[in-house]
Amino acid sequence: MEWLYSLFIEHSALQAVVVLSLISAIGLGLGKIHVCGISLGVTFVFFAGILAGHFGLSIDPQMLNYAESFGLIIFVYALGLQVGPGFFSSFRKGGVTLNMLAIAVVILGTLLTVVCSYTTEVSLPNMVGILCGATTNTPALGAAQQTLKQMGLESSTPALGCAVAYPLGVIGVILAVLLIRKLLVRREDLEVKEKDDANKTYIAAFQVHNPAIFDKSIKDIAHMSYPKFVISRLWRDGNVSIPTSEKIIKEGDRLLVVTSEKDALALTVLFGEQENTDWNKEDIDWNAIDSQLISQRIVVTRPELNGKKLGALRLRNHYGINISRVYRSGVQLLATPELTLQLGDRLTVVGEAAAIQNVEKVLGNAVKSLKEPNLVAVFVGIILGLALGAVPFSIPGISTPIRLGLAGGPIIVGILIGTFGPRLHMITYTTRSANLMLRALGLSLYLACLGLDAGAHFFDTVFRPEGLLWIGLGFGLTVVPTVLVGFFAFKIMKIDFGSVSGMLCGSMANPMALNYANDTIPGDNPSVAYATVYPLSMFLRVIIAQVLLMFLL
């Protein structure tokens with residue numbers, strides 16, 4: 001039985017892997033159980049870790065610190081990569097509002113912390129630890145402990161407060177989201193409203209009756225018209241063709257145009273008349289529209305095309321084809337010449353069969369190659385993220401510099417690389433399943449370590465006379481700010497429920513609650529909102545933990 005002892009008890013690298021894998025497997029298995037329709041999912045790994053720590057399981061402290069840090073880094077960086085392509089556009093559409101709401105959550109929780117410290121006689125260091133646990137923010141706990149050390153005070157007490165408040169901090173945000181959903185959200189509020197997506201393309205057929213554009217080239221007409229459009233097909237005298245930019249438009253021509261729905265009326269005025277046929281139904285057989293041309297979707301898989309503008313390829317003039325739409329991460333984009341291509345883009349190409357075969361060779365269309373992971377961007381991004389997280393930021397009046405830490409730096413760099421990487425010809429494409437695997441693996445590893453570390457003293461602290469008080473205070477610091485701000489955001493400001501949920505999870509630095517929101521709310525709005533508010537909220541939490549101790553002790 002010595003081999004069994006060395007496998008589970010004796011500290012070693014092998015033992016650490018076995019223990020963390022066992023905790024993760026048990027937690028993920030229990031997380032699939034639904035109670036009253038609710039499942040905690042990956043969050044159960046944290047509670048499995050607490051029980052394991054309570055019953056005496058442990059691993060080498062250095063291995064524990066490494067595995068916990070690495071899991072958190074992998075999770076937040078993969079999340080940044082996922083939401084990066086839509087991050088800045090979402091910021092323009094409401095990111096400022098979401099960040100203001102997240103700041104309100106942070107400030108309200110901070111004020112409650114100060115009030116509770118004075119009214120319950122819980123010391124401020126303990127109260128700050130409870131706040132860190134209630135907001136599931138271990139970087140803020142680390143900053144608070146470092147501040148206490150610099151002030152010559154005992155630095156271990158906030159960790160106990162954090163451990164006691166942490167479990168209900170995880171559950172509290174999920175309960176707040178559930179409460180808002182049960183009381184306020186209707187079924188139709190959860191539907192993904194694709195028609196509100198400004199990127200969604202719209203197809204319409206027009207007949208040319210406007211004398212102002214007779215005998216003018218498509219290029220000249222495009223310069224006359226502000227709305228962007230792509231003419232996919234042109235019918236004249238019973239024949240269909242792919243029009244180039246030099247094609248002359250004649251009276252009575254029929255045009256199949258790809259644009260955005262809001263611009264259809266303006267193009268009706270430009271061309272003369274819009275036909276009543278609905279060209280936006282999913283079941284349209286584009287190859288049956290005419291016998292001369294076919295429509296095919298081709299995937300960009302050649303690395304050298306990553307970051308190039310579509311117009312620079314001159315595919316229409318060289319091959320006589322037309323690209324009407326581009327699909328990227330589930331979003332339809334208008335195929336304008338200025339569009340920057342990314343690896344994995346799916347282009348709808350219209351033309352003759354021979355021409356499309358030639359274009360296929362240019363673009364790649366080797367779908368199998370996309371399944372090969374591009375790990376260089378992942379590791380380079382992690383290095384840059386950790387470097388950014390280590391940069392000290394000096395705040396006037398505070399002697400200790402502020403750092404973004406292990407969580408803040410990687411998510412910011414992940415967002416930046418996901419957004420701007422293709423423009424720098426970096427191959428950042430990962431399949432959705434690969435991204436989900438990285439995130440799930442990182443989060444499971446992080447939670448297993450966190451629970452294992454907290455479990456050794458968790459129940460001893462809980463069953464002390466002040467333990468239940470600490471639990472109640474932590475639960476209040478989690479639920480009160482999230483419910484109040486969430487109610488205001490959804491009911492008063494009319495923000496969609498997915499974005500409200502993501503904002504609440506991000507403002508509380510709660511990836512477990514985000515995982516629950518992603519599992520129960522359709523669309524990517526929770527993840528995008530989470531990444532929009534997370535960097536600023538994390539930075540504020542770290543600063544506030546230090547400010548409270550420096551100015552109020």
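N99 is buried, with a relative accessible area of 5%; buried denotes under 20% relative accessible area, exposed over 50%, and partly exposed the range in between (1.4 Å probe, protein chains only). This residue belongs to helix α4 (residues 61-120), where helices (H or I, at least four residues) and strands (E, at least two) are DSSP runs numbered from the N terminus. The N99 side chain reaches the backbone oxygen of T532 at 3.3 Å.

The model is predicted: local features need pLDDT of at least 70, side-chain atom pairs count only at pLDDT 80 or more, and totals for chains, interfaces and linings use all residues. Residues are numbered from 1 along each chain as its sequence is written, and side-chain values use heavy atoms, with hydrogens and water left out.

Helix α13 (residues 375-390) comprises 16 residues and spans 23 Å from its first C-alpha to its last, close to the 22 Å expected at 1.5 Å a residue; the expected span is 1.5 Å times one less than the number of residues. Within α13, the residues A377, V378, G381, I382, G385 and G389 are buried. Viewed down the helix axis, the buried residues of α13 fall within an arc of 135°, so they line one face of the helix; the arc is taken over the directions from the axis to the C-beta atoms. An α-helix has 3.6 residues a turn, so residues three or four places apart point the same way. On the other side of α13, V376 and I383 are exposed.

Five salt bridges are found in a search of the whole structure, each requiring a side-chain nitrogen of Lys or Arg within 4 Å of a carboxyl oxygen of Asp or Glu. One of them joins K250 and D215 (3.0 Å, N to O). This pair links distant parts of the chain, 35 residues apart: K250 is in the loop between β5 (248-249) and β6 (254-260), and D215 in the loop between β1 (201-208) and β2 (216-217). K250 is partly exposed at 36% relative accessibility, whereas D215 is exposed at 52%.

Another salt bridge pairs D253 with R236, the closest N and O atoms being 2.7 Å apart. Here D253 lies in the loop between β5 and β6, and R236 in strand β3 (residues 230-236), 17 residues apart. D253 is buried, with a relative accessible area of 2%, while R236 is partly exposed at 23%.

Conventions:
A polar contact is a pair of N or O atoms within 3.5 Å; within protein, one must be able to donate a hydrogen and the other to accept it, and residues adjacent in sequence count only if both atoms are side-chain atoms.
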